[in-house]
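Below is a short note for a colleague who is about to open the model. It takes a few residues, the nonpolar cores and some helix pairs in turn.

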Amino acid sequence: MEYNLADLFESVADTVPDREALVYADHPGTGAERRLTYRQLDAAANRIAHHLADSGVRPGEHVGLHLYNGVEYLQTALACLKIRAVPVNVNYRYVEEELVYLYRDADLVGLVFDGEFTGRVAAALPRTERLRHLVRVGPAPEGAPQPALAPVDFAAAEASGSPERGFPRRSGDDQIIIYTGGTTGMPKGVMWRAEDIFFSGMGGGDPTGTPVSRPEELAERVAAGGAGLVFFPTPPLMHGTSTLTAFIGLHFGQKLVLHRKFVPEEVLRTVERERVTAVSLVGDAMLRPLTDALRGPLRGTDCSSLLAVSSSGAVLSETVRAGFAELVPHAMLINNFGSSESGFNGTATADSGPEKGFRIQVNSGTAVVDPATRRPVEPGGTGRVALRGHVPLGYYNDPQKTAETFFEADGARWVLLGDMATVGEDGVVTVLGRGSQCINTGGEKVFPEEVEQALKAHPDIYDALVAGVSDPRWGSRVTAVVQPRPGAAPLTEDAVRAHCRGRLAGYKVPRTVVLSDHIQRSPSGKADYRWAKAVAERGSGA
């Protein structure tokens, strides 16, 4: 047995076959709730695996998952891993041109998609020459254009496949690809070996303790432990962090809860009903509406089972953390730092915030590296965050970007992330922000994330993004796009700037403030800086 994700899941399923593995707790009244034991989830994945193999999907070929959250998403991901095919996440917000790019760039031969996306799939299909097998979950909307390649109904595909295993031997070199759109540019496919993502992205079977030393040890630990933990990844599974959280829960042999979409009130009802112990989300965009619901319509919801709420992919601001902690004081709030290219790098310190910055206690494989020399910087130095050891193979179909991002030094393989940071004498790393988003104003560098943290500390600001707008004098000027809190007193530019002056150096204070009735983010809560820049330019007359 190797560190193969399908092998590891099967070892857990064989150890606790009758333990509840997955609850699809969609909105009450829809009749969509499903509960599967480990034995049932394994059999369901086997069925789709055999269907894909019987349909000509071969080891190493790529299958897209163009799906909302649900049993079918994890079932299909496991099915791909079982037959050594490569599961590829597809952002369900993408429109035709973006889908054509991703389908082609990822060399998809198969696609499993929700019926709701039938029209988009039909439009993209003629320009995706390699895509030869479609499986559709649920019916298409009435009147939707149909793909030229007839899709197989998911239920029929499942019924056609054997519930037994009988798959060829697998390897720790088998792959999974995570496409990441980031905050700018076209999406990139990060290629992970199963063994590497198991240790860097899934904590080696124990993210908060000691990783396993043998593949067989994962099931041994499950056998020695008991049930009782309930993991609830609330972002879309097409967001890498959410899928990694799901696998972490399964590797513990515990229960996993899913919703089709993030609806704050339903999340809280499920926390109460399923006695959820750990919720994962992405930043203020998810924690703030949960906090508002607990203060309002869901006041009194029993969250006593909740032990931890963790955020990855976006920072939880000090103001939002404090608001949630007031309502659920016993739950630990965790700001994790990581990426699709590195998995998990570390956790924010207790004093992390607008005053001291986003301070990270990094793990042993993470360092701050000078991008020119590709050597770790000395304490006090500034560079880019990097990870060594269990890192991805590179970017799929992009050798140039791979060469720029991945390197070898001192006998180890490294990945160089886009985040700029400084390292302190105590080894704590202060993350400044993404280098690609850095605003150069009058020769000074301003990272949007730092300004956003200060803005969101204002009690009347619900959300904010910061972008650089062209300026004839300064080169770029710092511009804030601000969403006021509903029902709050009217915000003025002067009041926002005065608030920021007490928290930021003068050159970081937004010169222009654009009010907006919403802030556009991805379904997972990540910032959409292209949108922010466009709104900032329109609002400031640039």
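1. Val385 is buried, because its relative accessibility is 2% (buried means under 20% relative accessible area, exposed over 50%, partly exposed in between, with a 1.4 Å probe and protein chains only). The residue is part of strand S18, residues 382–388. Helices (H or I, at least four residues) and strands (E, at least two) are DSSP runs, numbered from the N terminus. Leaving aside residues up to four places away in sequence, Val385 touches Phe337, Thr366, Ala367, Val415, Leu416, Leu417, Asp419 and Ala421; contact means heavy atoms within 4.5 Å. From Val385 to Asp206 the C-alpha to C-alpha separation is 23 Å, and the two are 179 residues apart in sequence.

2. On the basis of the values: this is a predicted model, in which local features need pLDDT of at least 70 and side-chain atom pairs count only at pLDDT 80 or more, while totals for chains, interfaces and linings use all residues. Residues are numbered from 1 along each chain as its sequence is written, and side-chain values use heavy atoms, with hydrogens and water left out.

3. Arg84 is not a glycine, yet has a positive phi of about 70°. Its place is the loop between H3 and strand S4 (86–89), and at 28% relative accessibility Arg84 counts as partly exposed. Arg374, also not a glycine, has a positive phi of about 60°. Arg374 sits in the loop between strand S17 (366–369) and S18, and with 25% relative accessibility it counts as partly exposed.

4. Arg275 belongs to the loop between H10 and strand S12 (278–281). Its relative accessible area is 36%, so Arg275 is partly exposed. Not counting residues up to four places away in sequence, Arg275 touches Val230, Thr270, Asp302, Ser304 and Ser305. Arg275 and Leu229 are 46 residues apart in sequence, with 8.6 Å between their C-alpha atoms.

5. What is the size of the largest nonpolar core? It has 81 residues, and those with the most contacts inside it are Leu5, Tyr38, Leu41, Ile197, Phe198 and Met202. A nonpolar core here is a set of buried Ala, Val, Leu, Ile, Met, Phe, Trp, Tyr and Cys residues joined through side-chain atoms within 4.5 Å. Helix H3 (residues 71–82) gives the most to this core, with 8 residues. Another core lies apart from it and has 26 residues, among them Ala25, Phe232, Leu281 and Leu316. Leu5 touches Leu81, Ala194, Ile197, Phe198, Met202, Phe247 and His251, not counting residues up to four places away in sequence.

6. The axes of helix H1 (residues 5–15) and helix H2 (residues 38–54) come within 8 Å and cross at roughly 140°. Axes are lines fitted to C-alpha atoms, for helices over the stretch in contact, and angles run from 0 to 180 degrees between N-to-C directions. H1 and H2 are therefore oblique to each other (angles under 35 degrees count as roughly parallel, over 145 as roughly antiparallel, 65 to 115 as roughly perpendicular and the rest as oblique). On the H1 side the contact uses Phe9, Glu10, Val12 and Ala13, which meet Tyr38, Leu41 and Asp42 in H2. By class, these are 5 nonpolar, no polar and 2 charged residues; Ala, Val, Leu, Ile, Met, Phe, Trp, Tyr, Cys and Pro count as nonpolar, Asp, Glu, Lys and Arg as charged, and the others, Gly among them, as polar.

7. H2 also packs against H3, at an angle of about 60° and with the axes 8 Å apart. That makes H2 oblique to H3. Leu41, Asp42, Ala44, Ala45, Asn46, Ile48, Ala49 and Leu52 in H2 meet Gln75, Thr76, Leu78, Ala79, Cys80 and Lys82 in H3. This contact divides into 9 nonpolar, 3 polar and 2 charged residues.

8. Helix H10 (residues 264–274) and helix H11 (residues 284–295) have axes that come within 9 Å and cross at roughly 70°, and the two are therefore roughly perpendicular to each other. Pro264, Glu265, Val267 and Leu268 of H10 make the contact with Pro289, Leu290, Ala293 and Leu294 of H11. Its residues divide into 7 nonpolar, no polar and 1 charged.

9. Helix H14 (residues 448–456) is largely enclosed by the rest of the structure, because 7 of its 9 residues are buried. The buried residues of H14 are Pro448, Val451, Glu452, Gln453, Ala454, Leu455 and Lys456.
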